[in-house]
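Please read them with the coordinates open.

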Amino acid sequence: MNYADLSILVIALLFALSFVPRAHLGLAAFPAAFLVGSVADISVQDLVSFFPSNFFILIVGVMSVFSIVQSTGAMAWVLDSVLALVRGRVALLPLVPFVLGALLSAVGTLPLAAVAIMAPIAMGLARRHNLPAFLLAFTMLNGVLSGLFSPIAVFGITVDGVIAKLNIEISGTSTQLAVIAFLIGTLLTAIMMFAYRKSLKVSVHAATTTSSVDSSDFRDVPQSAETGTARWQRIAALVGLAVMVLGGVIFELDLGFLGFTVAFVLMLTLRIEPTDIISRIPWGVVILIGGLLTYVGVMEHLDAFKRLSDLLMVDGSPMISLLVLCYIAALTSFFANSIAVIISTLPLLPPIIAQGVSPVGAVIAVMLSAVLVDLNPLGATGGLVLGATAQADRQRLFRQLLTYGLSAVVIAPGVTWLVFGSLM
C-alpha cells in the first residue's frame, strides 16, 4: 500500500469514528496527521503549515463579534425583526434564512461571509422556536448556494472568465446557471420543509399555545425594565456587526481580522470582560475543522486526491467521461474549496465537449456537482454553522450534515449529469 492509499484509508476510518459516541473527530485528526506524516516522512514543520490558520482567524474573529451581539441582547432584536418578516408564521421561518442567504450571495457576498452573517440568525431561530437545527442549517446553506452563480457573484464571474479563457463558445452560461441553481435550491428547500412538516406543525402549535417567547438564550440582560445603558449596548453591538459586514462585503476587507478589530473596539467601548467573550467562542469547532483540514493537507501533499481521480477515470464515451468528471468535482469539493475545484475542473471539459457533449449542459453539470456537496460540516462554512449552534445540538447536527454531504457526493453528480449533461 502506498502512502496516498494509506491516507485515504485513514480518512475513511476518521469518518467512521465520527459516529462513535464521545469520540472527537478533530482531536483524532491531529494524531492521524502526525502518524501518517511520520510514516510518509513528512516533517513536523510541513504538518504545521497544513493547519488552516486562515480558518482560525476567520471563525474566531467573526464569532467574537457575534458573541458580543449575543451577550448584549442585540441578537434578540435581530430575531424579532426576522420573525416579523413572516408575521409570526412559524411554519414559514425556514424560508427566511433561505431567501436572505440567496440574496446575500447573489449580490456578490462571498459564500463564507454570507454564512458567517446568516448562521447565528438561522441557528438562533432554530433554538428560539424549537425547530430542527438541521432544517434551519439546510435552508440557510442551501440559500447561500442558490445565489452563488449570479452574474455579479464571484462564482458566476469566475465561471464566465474561465470559459472565455478556454475558448468554449457558449454565451450566457452564468445566467442560465444562476436560474437553474436558484430553482434547484428552491426545490430542495421545499422538499426538506415537506420532510420536516410534522416538526413545523409542532412548533406552530407551541407558538399558538404559549403566551410569550423565552429569548434568554440570546441575551443576558433582563427582558423587563430595559435601561438606557442596555439599549445603548445593543445599538453599539449592531453597529459593530454592520461595520464588519459592510467592511467585508463592500470594501472586501478580511472578515476575520476585521472581526477581531471590531470585537476589540466593542469590548473597550462597552466595558465587556474579555473572558466573557472568549468563553463563548466555539473552541471545539475550531479544533474539529482545524484538525480535519490539517489532515486534508497531508492527503494533498501525498497526492491522495489525484489517486482518487485516477481510480475514477475509465475509458469510454464522452458522456461517461463527463459523468466521471462530475464525480471527481463532487468528491474533491467535499474536502476542498469549491471555487478552487471549479477552476481546476473546467479546463478538463474542452476535450469532452469536442467529442459532442453539450457545452452548456456539461458546464452546468460539473458546477452543480461541485457546489451541491458543500452542505457538509468539514469546511469553514460548516464550522461557522456548528459554531453558531447550541452546544446540545452540535454533535447531532454534525452527524446529520456529514450524512447529507456524503449522500450528496454519491447522488448529486449522477442526477446533475443525467438531467443536464445528457438531456441538454
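1. Are phenylalanine 134 and phenylalanine 138 buried or exposed? Both phenylalanine 134 and phenylalanine 138 are buried, where buried means under 20% relative accessible area, exposed over 50% and partly exposed in between, with a 1.4 Å probe and protein chains only.

2. On the basis of these notes: this is a predicted model, in which local features need pLDDT of at least 70 and side-chain atom pairs count only at pLDDT 80 or more, while totals for chains, interfaces and linings use all residues. Residues are numbered from 1 along each chain as its sequence is written, and side-chain values use heavy atoms, with hydrogens and water left out.

3. As to the overall composition, the protein chain has 22 helices and 0 strands; helices (H or I, at least four residues) and strands (E, at least two) are DSSP runs, numbered from the N terminus. Of its 424 residues, 54% count as buried. Among contacts between residues at least 6 apart in sequence, 80% join residues at least 24 apart, contact meaning heavy atoms within 4.5 Å.

4. A search of the whole structure finds 8 aromatic pairs; rings of Phe, Tyr and Trp (its six-membered ring) pair if their centres lie within 6.5 Å, and planes under 30 degrees apart count as stacked, over 60 as edge-to-face and the rest as tilted. One of these joins phenylalanine 30 and phenylalanine 51, whose ring centres are 6.5 Å apart and whose planes stand at 25°, so the pair is stacked. Because phenylalanine 30 lies in helix α2 (residues 25–39) and phenylalanine 51 in the loop between α3 (44–50) and α4, the pair ties together parts that are 21 residues apart in sequence. Phenylalanine 30 counts as partly exposed, at 32% relative accessibility, and phenylalanine 51 counts as partly exposed at 29%.

5. The rings of phenylalanine 134 and phenylalanine 138 have their centres 6.1 Å apart and their planes at 45°, so this pair is tilted. Both residues belong to helix α8 (residues 133–146), where they are 4 residues apart, about one turn of the helix. Ring pairs link Phe134, Phe138, Tyr196 and Tyr404 into a cluster.

6. Helix α8 also packs against helix α22 (residues 391–421), the two axes coming within 9 Å and crossing at roughly 50°; axes are lines fitted to C-alpha atoms, for helices over the stretch in contact, and angles run from 0 to 180 degrees between N-to-C directions. That angle makes α8 oblique to α22, given that angles under 35 degrees count as roughly parallel, over 145 as roughly antiparallel, 65 to 115 as roughly perpendicular and the rest as oblique. On the α8 side the contact is made by Ala133, Phe134, Ala137 and Phe138, and on the α22 side by Asp393, Leu397, Gln400, Leu401 and Tyr404. By class, this contact of α8 with α22 has 7 nonpolar, 1 polar and 1 charged residues, where Ala, Val, Leu, Ile, Met, Phe, Trp, Tyr, Cys and Pro count as nonpolar, Asp, Glu, Lys and Arg as charged, and the others, Gly among them, as polar.

7. Helix α4 (residues 53–71) and helix α15 (residues 283–301) pack at an angle of about 160°, with their axes 10 Å apart, which means that α4 is roughly antiparallel to α15. Phe55, Phe56, Ile59 and Val60 in α4 meet Trp283, Val285, Val286, Ile289 and Gly290 in α15, and the contact of α4 with α15 has 8 nonpolar, 1 polar and no charged residues.

8. Valine 298, also placed in helix α15, is buried, with a relative accessible area of 0%. Leaving aside neighbours within four places in sequence, valine 298 is in contact with Ala33, Val36, Ile42, Leu47 and Phe50. Valine 298 and phenylalanine 51 are 247 residues apart in sequence and 9.9 Å apart in space, C-alpha to C-alpha.

9. Helix α17 (residues 318–335) and helix α20 (residues 359–371) have their axes 7 Å apart and pack at an angle of about 25°, so α17 is roughly parallel to α20. The residues of the contact of α17 with α20 divide into 9 nonpolar, 2 polar and no charged.
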